[in-house]
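Me: I have a structure to look at and have not seen it before. Can we go through it piece by piece?

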Amino acid sequence: MSVIVKVLEARFITHNVKRFVVEKPLDFNFIPGQAIHISINLPEWRDQLRPFTFTSLRESNFLEFMIKIYDDHKGVTNMLGRTNADDELILHDVLGAIQFNKPGVFIAGGTGITPFIAIFRELYKNNQLRGNRLIYTNQTSDDVIMGEELHHMFKQDFVNVLTRQGIVGYVGKRIDRNFLIENIVDFSQNFYVCGPDNLVKDIINHLTNLGADPETLIFDK
């Protein structure tokens, strides 16, 4: 499948993350947590496919993506940083292994929060978010994506971690073995993990060593 869609809105929501709202093709569907390969509808960019996660609700009449823009090299996201309303993108195949199974702990690093946003919005809309917990780590408060909405949905079940900044209301430390022991009581529940590869690898190893069943660990392998 490949279909051309128009960009309806495009604006930065953090210093380096841009929110795109695009047309939704007729009868298009996805599962919260999934991503889709996207390219830019310009001659030199049409074959440059990159995966980005849906953050909109399934029943919305548009599709939404929150994409980290890298200005330090001239790649796809650099070009997306210059892509605005009325420009065109090409949607290709849907992919992704992260899907909600049952309540548990979500652990996200940076833009690794994006696969979870559609899941959270769907659960919240259906009054099913209770029983889930979010641990979200970033370097500074400027890097936090959709912080207010996440606080509103999770309330006291939101642990907001900053690794390079000390601010009241945030936990100022890294997510290591000791952090997991201090913040998680039950290691038999489901764990959903997404973020930079090294972070995911370390957390999965820590969780496994602390007794989590590999069958309960959901992440993009």
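Predicted model: local features only at pLDDT ≥ 70, side-chain atom pairs only at ≥ 80, totals over all residues.

**Working through the model**

Me: Where does Asn 78 sit?
Reply: Asn 78 is in helix H1, which covers residues 76–80.

Me: Buried or exposed?
Reply: Asn 78 is buried: its relative accessible area is 11%, and the cut-off for buried is under 20%.

Me: What does its side chain reach?
Reply: The side chain of Asn 78 reaches the backbone oxygen of Asp 71, at 3.4 Å.

Me: OK, on to H2. How far apart are its end C-alpha atoms, and what span should it have?
Reply: The end C-alpha atoms of H2 (residues 114–125) are 17 Å apart. Twelve residues at 1.5 Å a residue should span 16 Å, which agrees.

Me: How many of its residues are buried?
Reply: Ten of the twelve are buried, so H2 is largely enclosed by the rest of the structure. Among them are Phe 116, Ile 117, Phe 120, Arg 121 and Glu 122.

Me: What do those buried residues pack against?
Reply: They pack against strands E4 (50–53), E5 (62–68), E7 (104–109), E8 (133–138) and E10 (190–194), and against helix H3 (147–154).

Me: And what comes just after H2?
Reply: Asn 127 is there, with a positive phi of about 55 degrees.

Me: What classes of residue are in the lining of the largest pocket?
Reply: There are 20 nonpolar, 18 polar and eight charged residues in that lining.

Me: What about the second largest pocket?
Reply: The second largest pocket holds about 240 Å³ of space. Of its 13 lining residues, Leu 129, Arg 130, Met 153, Phe 154 and Asp 157 are the closest to its centre.

Me: Which helices supply at least two residues of that lining?
Reply: H2 and H3 each do. By class, the lining of the second largest pocket divides into five nonpolar, five polar and three charged residues.

Methods. Residues numbered from 1 in each chain as written. Heavy atoms only, no water. Helix = DSSP H or I, 4+ residues; strand = E, 2+ residues; numbered from the N terminus. Buried < 20%, exposed > 50% of the residue type's maximum accessible area, 1.4 Å probe, protein only. Polar contact = N/O pair within 3.5 Å; in protein donor to acceptor, adjacent residues only side chain to side chain. Expected span 1.5 Å × (residues − 1). Contact = heavy atoms within 4.5 Å. Nonpolar A, V, L, I, M, F, W, Y, C, P; charged D, E, K, R; others polar. 1 Å grid on protein atoms, 1.4 Å probe; cavity = no way out; pocket = protein on both sides within 12 Å on 5 of 7 lines; lining within 4 Å. Points joined across faces, edges and corners; volume = space filled by probe spheres on them.
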